[in-house]
Each structure stands twice: as structure tokens, then as C-alpha cells.
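Me: This structure is new to me. Please go through its sheet and its cores with me in plain terms.

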Amino acid sequence: MSSYFDALETRSDESRAAWLAEALPQQIERAQGLAGYGGSLDAVDAAQVTSLADLAGLPVLRKSALGAAQAAQSPFGGFTTRPVSGFAHVFQSPGPIYEPGGGGFDWWRLGRFLNACGIGPGDVVQNCFGYHLTPAGMIFESGARAVGAAVLPAGTGQTELQVTAARDVGVTAYAGTPDYLKVILEKADEMGVTLGITKAAVSGGALFPSLREYYAGRGIACLQCYATADLGNIAYESDAMEGMIVDEHVVVEIVTPGTGNPVAVGEVGEVVVTTLNPDYPLVRFATGDLSAVMPGSSPCGRTNLRIKGWMGRADQTTKIKGMFVRPEQVAALVAKHPEIDRARVVASREGETDVMVVRIETTGTDAAAYEASVAAVLKLKGKVELVAPGGLPRDGLVIEDTRTYE
């Protein structure tokens, strides 16, 4: 569909590892000087953090901690290397959480994704992401500038005007949520207007196969990326459409929810990202999203790690018998007993009563030996079931709620 954005996309594993060995220590050192981390990285020898494996020993930064830090030190919580006046924009996402925006070339790295969509010079992008307070509109606009495309800053709503503008200015590409393009196309049909959109770059929602097929049937190639307001582009599809390729300026780990412990290739876990943005060095930032690493590299020729895309939320916090049970508590239970490999809480109902079963993967044989720990760590009594090593599903769930309320 398109040429590569730059040579970084096709470099060898050895070249990428060597580059990372230089970039990671620099980023860790930047983070160590920031008040937001509260000294949590002070004991780390930044020079020794040169690989993915080294990162696994560092603490995870959760969004809740980011929000708490911002409440204490507005607006960015002490996580940026510049003062607020040193940024081009300040955004507010629900929470509220404040995010910085830089004016440098492709600051959020969306150009790489738009290039993979075939968007470039000669294209006019109808940008239907929001421009009001939240950063998505500006994120995609910055990416469009990086690939030399013009932008119609449309936002959402007023669909009839969107159709008229798309026709009048000769829009060739769409950027926005996966479903809103269909709304525009259907309104165009209703108005008897033919639009020239042939490319779509979507994010911020589920791109169902049926919707992608609908667009393909109308001659529109639709690809999606995985991006957040805090991190910018994390991963993106190419025309191969086999998973999502990790961006060249972030480091992605997949860990057991509630912990910082990496899982094996193919296992589902929480996405943890370290950004190499020098202005906003987020180290092991937990996104709360589930995904899994795919083996091998993309048939399109891009060589970086691939993930399966968004597979649900990692925050499986569940109320059982009136008490919340959190993934972090399950992780603490596992850490309390070295012979436990992993554990899974299953919530169910018997009649009108909640029931909690804790399934423990261990070489141990005495379930009763874990009952006191379950009650102490989870703050609830529950039945303990022992499972042989390898017996629990590798689907990213540490808390499974099987209750129905019909």
C-alpha cells in the first residue's frame, strides 16, 4: 500500500537492540530526575537498564498514580521534563487527567501509522477526532503533517455539513473512530452525494470485521492503530493486517495483570509501555488494556514486535460478597508463596449468595495450607482449588466473574 515511513521499520533485531541499549538508559536517567516518580527509581542503575529484560525489574506506573500525582502537583504531576509553558498544548482527558502536547515533528508518532494507511502528499484527511480539550484531533493532525497530507479539522457531529465539506474540498481519507465513517457515508447516500474517500485511519473503538468489510465493499481500505493520550502511538496495522506492529519509539511489555511480571509469547496480559519521548518519560506505564505478543514479524516487511491488538481491559476488579477483589491482591497472594506459579479468583453464585473459589496453580498438594493466606490477602474467605502447573488458562484473566443477573 505504501513505502516505509523510515529505515527504522525494517532494521534488524540486532540493530534495534543496540539502539535500545543506548536509548533506554538515557530515558531512565531522565525519569529519575522527575518528582512524579517519588524516588521509586532512585536505586536503579540507569546504565544497566539496556533491554526489555532489564525493564522487568522496575516498578510499574499506573494511571491512578499519575492522577494522584497531578492532584498534588498540577498539571502534569512532575512527570515532564519541561514546564507547562514549554509545551505547545495542554489537554484534559476524563478524570481529569492532563496531558502535554509537543509541537515538534510528529510528536505523537502517528505519521508512521498514516503512512502505513497509504496517506501522504495529495491526500486531504477529514479528521473526525475531537479537537476540544482532548488530544485525539491534534494527535492525528500532527501525523497528517508528518506525511504531507492536508487536513479538514471536522471533529464530530453536524454530519450533513461533514458530507458537504468532504465533497467540496475533495476529501480522500478519513481519520476518526471506526463507526463514524459509516454514519458519514450513509448520510452521503441519503443526500445523493458521492464522496472520494478511499483510505481510513481509525482508532478509539472496536473495528469489527463486518465494518471493515463494509468499507472494503465501498472501495475504502481501513486500518487501525492503538494509541493513547498519554503515550501517543503504541502499535498500528499495516496492509498485511496480521496483528499490530509496535511503534519504533516505545517499548512494549505484556505482563500478568496486577503485576509487572512478563508473560510468555502468545499469552494474554496487560500492556505496559515505556515511551522514549524525552519530554514526557513514562516508564513501565500500565495501560490497563489486554493484549498478547505474536511470534515472528509482519509479512509487510516491518520487523518490530507485533501484538494482537486490544483484547479487553486488565482491570478486572470485582465485588464479591460486598468486597472488592483486585488483580493486585491476587498478585500479592502469588508472591506470598514461592511455590505458586499463578492464581485465579472465580466469582459465582449459589442461589442468592456470592461464592469465591481461588484456583491456585502449584506443585503443592494441601489446599488448606493456603486458606489463611487467601483470607488475609483477599480479605474474604473462599474455597481453594489446587491446579497442576500449566493448568490455568493463559487468557489474561486473574479474576473471572461467572455470575449472571437475569
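Reply: Two strands pair if DSSP finds at least two bridges between them; helices (H or I, at least four residues) and strands (E, at least two) are DSSP runs, numbered from the N terminus. The model is predicted, with local features taken at pLDDT of at least 70, side-chain atom pairs at pLDDT 80 or more, and totals for chains, interfaces and linings from all residues. Residues are numbered from 1 along each chain as its sequence is written, and side-chain values use heavy atoms, leaving out hydrogens and water.

Me: Over how many bridges do β4 and β5 pair?
Reply: β4 covers residues 124–127, and β5 covers residues 150–153. Gln-126 has Leu-152 as its bridge partner in β5, while Asn-127 has Pro-153. The pairing is parallel, and the number of bridges is 4.

Me: Which residue of β6 is the bridge partner of Gln-126?
Reply: β4 is also joined to β6 (residues 173–176), in parallel, by 3 bridges. Within β6, the partner of Gln-126 is Tyr-174.

Me: Are the residues on the two faces of β4 buried or exposed?
Reply: Val-124 and Gln-126 are on one side of β4, and Val-125 and Asn-127 are on the other. Both faces are covered. With buried meaning under 20% relative accessible area, exposed over 50% and partly exposed in between (1.4 Å probe, protein chains only), these residues are all buried.

Me: Which residue of β7 is the bridge partner of Gly-176?
Reply: β7 (residues 199–202) runs parallel to β6, and 4 bridges join them. The partner of Gly-176 in β7 is Val-202.

Me: Which helix does the chain pass through from β6 to β7?
Reply: A crossover is right-handed if, with the strands pointing away from the viewer, the path from the first strand over the helix to the second runs clockwise. β4, helix α5 (residues 136–147) and β5 make one such right-handed β-α-β unit. The β-α-β crossover from β6 to β7 is right-handed too, and its helix, residues 180–191, is α7.

Me: Which residues have the most contacts inside the largest nonpolar core?
Reply: Contact means heavy atoms within 4.5 Å. Leaving aside neighbours within four places in sequence, Phe-79 is in contact with residues including Leu-34, Leu-66, Ala-69 and Tyr-280. Those with the most contacts inside the core are Tyr-37, Leu-55, Phe-79, Val-252 and Leu-282.

Me: How many residues are in the second core?
Reply: This core is separate, and among its residues are Leu-114, Met-138, Ile-139 and Leu-223. Its number of residues is 27.

Note on methods:
A nonpolar core is a set of buried Ala, Val, Leu, Ile, Met, Phe, Trp, Tyr and Cys residues joined through side-chain atoms within 4.5 Å.
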